[in-house]
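Visitor: Could you walk me through this structure, one question at a time? I am new to this.

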Amino acid sequence: MSTADFIAACFWPSVVIAAFALLKARNSAAFPFIFKIVIWVGLAYFVLVLFWVNSSIVAINDMNVLPVLFGLAAVGSQLRVPAPQGSWRDKVKGYGTMIAIVLFGIGLAWFFGRMLVLDLLTSRLVIEGRVQYASRTTGRGSGYVAIIAGQTVKVTAPVYERLQQFRPKVRVEVGRGSNYVYEIEYLAN
C-alpha cells in the first residue's frame, strides 16, 4: 500500500470522526477549537488530493463518491424549502428553481453513482496484451492513459511509470464505468 492509498483509505473514517466530534461538541466551549481542527484537517486532505489524486485508485473512487453525495444533498436540500408564496409568477419561479436543483442533483448522483456501480459491483473487463503506448493527458482532467492490445485505458501514476518505462506484456482488469485499471499482472517484458 502506497502513501497515497493510505491517505485515501483514511478519508472516510476521518469524515466520520470529524462529524461525530462536531456533533458531540456543538453546544460546548470546545466547539470552536474542534471546528478549527476539523477545518485544518479538511484543508490538508484537499491539498493532498490535489497532488495525489492520480496516484491511487482508492482516491479516484473517493473523488467519484463525493459528487454522488453532493447530488443527493442537493436533492435533499429541497425537501426543507417552504412552498413558494405570492403571485403565480413568483410560484413558477420558485418551483422552477426547485425542479432545476433537484434535476441537477439527480443527474450528478446518477452519472457518478452509475460509474461507481459499474466499477465496483460488476465484473471487470480483462485485457491481455503488450503495452503499445503510455502517455500523460493534458487539460482540465489530466491523468494517465495507456493503450494495451489496441484499447485505451486510464491508469494511476505508479502504473503509468512502470508501463512507460518497460512496455511489458500485461493482463489488466479494467473497471466498466471509469475505464481505470484496477488489477495488473505483468506477464513478460
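**A guided look**

Guide: Gladly! Let us begin with S178, which sits in the loop between β4 (169–174) and β5 (181–188). Please keep in mind that this is a predicted model.

Visitor: How confident is the predictor, and which element has the highest mean pLDDT?

Guide: For the chain, the mean pLDDT is 89, and 98% of the residues reach 70 or more. Among the elements, helix α1 (residues 3–9) has the lowest mean, 82. The highest mean, 94, belongs to helix α5 (residues 88–120).

Visitor: Back to S178: is S178 buried or exposed?

Guide: The relative accessible area of S178 is 4%. Buried means under 20%, so S178 counts as buried.

Visitor: Which side chain makes a polar contact with the side chain of S178?

Guide: Leaving out residues up to four places away in sequence, S178 touches M115, D119 and K154. A polar contact needs N or O atoms within 3.5 Å. At 2.5 Å, the side chain that makes this polar contact with S178 is that of D119.

Visitor: N179 is in that loop too. What is its phi like?

Guide: N179 lies between β4 and β5 and is partly exposed, with a relative accessible area of 27%. N179 is not a glycine, and its phi is positive, about 70 degrees.

Visitor: Where is A149, which also has a positive phi though it is not a glycine?

Guide: The phi of A149 is about 50 degrees, and its relative accessibility of 39% makes it partly exposed. Strands β2 and β3 form a hairpin with two residues between them, and A149 is in the turn. Its place, then, is the loop between β2 and β3.

Visitor: How many bridges join β2 to β3?

Guide: Strand β2 covers residues 144–148 and strand β3 residues 151–155, and they run antiparallel. The number of bridges joining the two strands is five.

Visitor: Which residues do the salt bridges join into one network?

Guide: There are two salt bridges. One is between R171 and E173, with the closest N and O atoms 3.8 Å apart; the other joins the side chains of R171 and E185, also with an N to O value of 3.8 Å. R171 lies in strand β4 and E185 in strand β5, so this second pair ties together parts that are 14 residues apart in sequence. Through shared partners, the network holds R171, E173 and E185.

Notes: Residues numbered from 1 in each chain as written. Predicted model: local features only at pLDDT ≥ 70, side-chain atom pairs only at ≥ 80, totals over all residues. Heavy atoms only, no water. Helix = DSSP H or I, 4+ residues; strand = E, 2+ residues; numbered from the N terminus. Buried < 20%, exposed > 50% of the residue type's maximum accessible area, 1.4 Å probe, protein only. Polar contact = N/O pair within 3.5 Å; in protein donor to acceptor, adjacent residues only side chain to side chain. Contact = heavy atoms within 4.5 Å. Salt bridge = Lys/Arg side-chain N within 4 Å of Asp/Glu carboxyl O. Pairing = 2+ DSSP bridges. pLDDT = per-residue confidence, 0-100.
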